[in-house]
Amino acid sequence: WVQIFNQLRQLGTKFSAGSAIKCERKDIDRYGREVARCFVGDLDLSAAMVRAGLAVAYRRFSLEYVPDEKVAKTHKVGVWKGTFTLPWDWRSRQKGR
């Protein structure tokens, strides 16, 4: 996971160097947290993270990033280089303990 976090930091630096990050609130979740889309210029940072294999598309709320995830899986980048448990599967298993 350390490698994934380092790649994420590099991605953020690459896209945000000298540019402002702008976030647009989309919603408030059931815990009162802001749900936002963040951009550097026209670049959607969530899409960039999913495409780089540093995040996964959360299909429960949106299918928007599924094409980006397919690119990451096809090219075996980030978490898709090996095997891992999807976050919602991991959480589901933890409830059953």
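Lysine 95 is exposed, at a relative accessible area of 74% in this predicted model. The cut-off for exposed is over 50%. Lysine 95 sits in helix H4, which covers residues 87-95. Together with Arg30, Arg60 and Arg91, Lys95 forms a positive surface patch. Patch membership requires over 30% relative accessible area and no salt bridge.

A search of the whole structure returned one disulfide. Cysteine 23 and cysteine 38 are the partners. Their sulfur atoms lie 2.0 Å apart, and the cut-off for a disulfide is within 2.5 Å. The link joins distant parts of the chain, with the two cysteines 15 residues apart. Cysteine 23 belongs to strand E1, residues 21-28. Cysteine 38 belongs to strand E2, residues 34-40. The link between cysteine 23 and cysteine 38 is right-handed, with 105° about the S-S bond. Cysteine 23 has a relative accessibility of 45% and therefore counts as partly exposed. Values between 20% and 50% define that class.

Valine 77 was examined next. This residue, valine 77, is located in the loop between helix H3 (66-75) and H4. Its relative accessible area is 27%, so valine 77 is partly exposed. Buried would require a value under 20%. Valine 77 and valine 50 are separated by 27 residues in sequence. In space, the C-alpha to C-alpha distance between valine 77 and valine 50 is 9.8 Å.

Definitions and conventions
Residues numbered from 1 in each chain as written. Predicted model: local features only at pLDDT ≥ 70, side-chain atom pairs only at ≥ 80, totals over all residues. Heavy atoms only, no water. Helix = DSSP H or I, 4+ residues; strand = E, 2+ residues; numbered from the N terminus. Buried < 20%, exposed > 50% of the residue type's maximum accessible area, 1.4 Å probe, protein only. Patch = residues over 30% accessible without salt bridge, like charges linked within 9 Å, V, L, I, M, F, W, Y side chains within 5 Å. Areas by Shrake-Rupley, 256 points an atom, 1.4 Å probe, with all protein chains shown as cover. Salt bridge = Lys/Arg side-chain N within 4 Å of Asp/Glu carboxyl O. Lys, Arg positive; Asp, Glu negative; His and termini not counted. Charge placed at Lys NZ, Arg CZ, Asp CG, Glu CD.
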